[in-house]
Amino acid sequence: MTCVVADLIPDRQAMPDVAGEPARQDIQTLREALARSQCELQASRLALARQSRELAFYRAALDTLPTPIFAKNSELRFTFFNHAYEDFFGVSRDDYLGKSVMELDYLPLDERIAYQEEDARMLACQSVANHEKIYSSPLDGGGRTTLYWSRGFSDDTTGVAGLVGMIVDISGQKALQDGLRETVEQLVQAHEQVRTQSLTDELTQLANRRAAMLRLQGLFALTEAGELGFSLILFDLDHFKRINDSHGHDAGDTVLQAFSSVLREHCRQSDMVARFGGEEFICLLPGASLETAGHIAQRILQALQRPGVSPWPVTCSAGVAAFASGDTAAGLIKRVDDALYRAKRTGRNRVCC
Ligand SMILES: Nc1nc2c(ncn2[C@@H]2O[C@H](COP(=O)(O)OP(=O)(O)OP(=O)(O)O)[C@@H](O)[C@H]2O)c(=O)[nH]1
């Protein structure tokens, strides 16, 4: 290091000895003090240069990050925006540095007020704001879903205080998440549809045999657990083949649909009405005794005779059975089937228990 200022002080030998020895000593002290100051100044210059290089380094590093970042001083005025922030909002930092959020005219006024209040809280409590936010950004010409994060800080050693924040664009993840949610909903719906279809008879929209057997198992479990008993009625249309043969298969289908409506009408919501096979239908009646089930079956037989119910006259036979202790599903079905067979054998259009 060269201390040039000290050299400007005239050399002791070159000076005329006007004031004597004390004056020479003062000059010497002065030369030394000046030399020290000059060294200190040079050291400060070097430290300043190092600091501004460091500052430039951190600025460049923050400008390289793809996430919009900003910082505000203790007066809540912007001291830094990185390039990502400029790109995200389509603004130039030269226009906004030193300004408060209230002056950010690219944000709606209500948002600016909300941010100003939030910033003041963050600064006072050094707390964190962390919320999802939609910004309109020129990046994609539309709304971007983001995670807005900011935090107030204060450093006791240096005395600096302020607020730093970042805006993480999560639009991609959000779109993926929404797409996934939609797919899952569609899958659940499709699954529900398949399940319903697998338990429904297409022609009559009644429960099918599979659904009836599942309900029967459920009723067995409930009854064995001490709940109310149940009864069942098995119906079979009489000489149904003749309708098909005389009027065609479509006419037969219409009769099956008409009979389904009669069954629905005469059973309660808690009962199950199912198409058990071709022209065979079953009603599962929780809490109904054999006698009650017999009456219901009788009423259904009569209803089928009412004019206008079926486009072609038709009757049906019914077998009735009630759950008895020690029954199995197969045993109970056989009993009700036997009862139906008796109704057919003894003349049809009747109920047998
Ligand atoms: N239209 C139509 N006919 C069906 C359907 N399923 C079964 N069948 C017909 O139902 C008829 C049943 O005939 P059968 O078993 O002889 O019984 P039935 O003529 O009713 O005589 P009984 O039961 O003895 O009174 C057959 O002609 C089947 O083809 C269907 O979904 N639609």
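Which residue lies over the face of phenylalanine 276? Arginine 209 does, at 4.0 Å from the ring centre; a charge counts as sitting over a ring if NZ of Lys or CZ of Arg is within 6 Å of the ring centre and within 35 degrees of the ring normal.

Before we go on, a word on the model. This is a predicted model, in which local features need pLDDT of at least 70 and side-chain atom pairs count only at pLDDT 80 or more, while totals for chains, interfaces and linings use all residues. Residues are numbered from 1 along each chain as its sequence is written, and side-chain values use heavy atoms, with hydrogens and water left out.

Let's start with the overall picture. The protein chain has eleven helices and ten strands; these are DSSP runs numbered from the N terminus, with helices (H or I) of at least four residues and strands (E) of at least two. Of its 353 residues, 35% are buried, where buried means under 20% relative accessible area, exposed over 50% and partly exposed in between, using a 1.4 Å probe and protein chains only. Among contacts (heavy atoms within 4.5 Å) between residues at least 6 apart in sequence, 54% join residues at least 24 apart.

Next, look at the hairpin formed by strand 1 and strand 2, with four residues between them. Strand 1 (residues 69-73) runs antiparallel to strand 2 (residues 78-81), and three bridges join them; two strands pair if DSSP finds at least two bridges between them. Alanine 71 stands opposite phenylalanine 80 in strand 2, and in the turn leucine 76 has a positive phi of about 60°.

Now for the aromatic rings. The structure holds 18 aromatic pairs. Rings of Phe, Tyr and Trp (its six-membered ring) pair if their centres lie within 6.5 Å, and planes under 30 degrees apart count as stacked, over 60 as edge-to-face and the rest as tilted. Tyrosine 85 and phenylalanine 89 form a tilted pair because their planes are at 50°, with ring centres 4.8 Å apart. Both residues lie in helix 3 (residues 83-89), four residues apart, or about one turn of the helix, and both are buried. Ring pairs also link them into a cluster whose members include Phe70, Phe78, Tyr115, Tyr135 and Tyr148.

Lysine 133, in strand 3 (residues 128-137), lies over the face of tyrosine 135, at 5.3 Å from the ring centre. Is lysine 133 buried or exposed? Its relative accessibility is 18%, so lysine 133 counts as buried. The lysine 133 side chain makes a polar contact with the side chain of glutamate 111 at 3.3 Å; such a contact is a pair of N or O atoms within 3.5 Å, where within protein one must be able to donate a hydrogen and the other to accept it, and residues adjacent in sequence count only if both atoms are side-chain atoms. Leaving aside neighbours within four places in sequence, lysine 133 is in contact with residues including Tyr115, Arg144 and Tyr148.

Finally, turn to the nonpolar interior. A nonpolar core is a set of buried Ala, Val, Leu, Ile, Met, Phe, Trp, Tyr and Cys residues joined through side-chain atoms within 4.5 Å. The largest has 29 residues, and those with the most contacts inside it include Ile233, Phe259 and Leu285. Helix 10 gives the most to this core, with seven residues. Another core lies apart from it, with 21 residues, among them Leu199 and Ala321.
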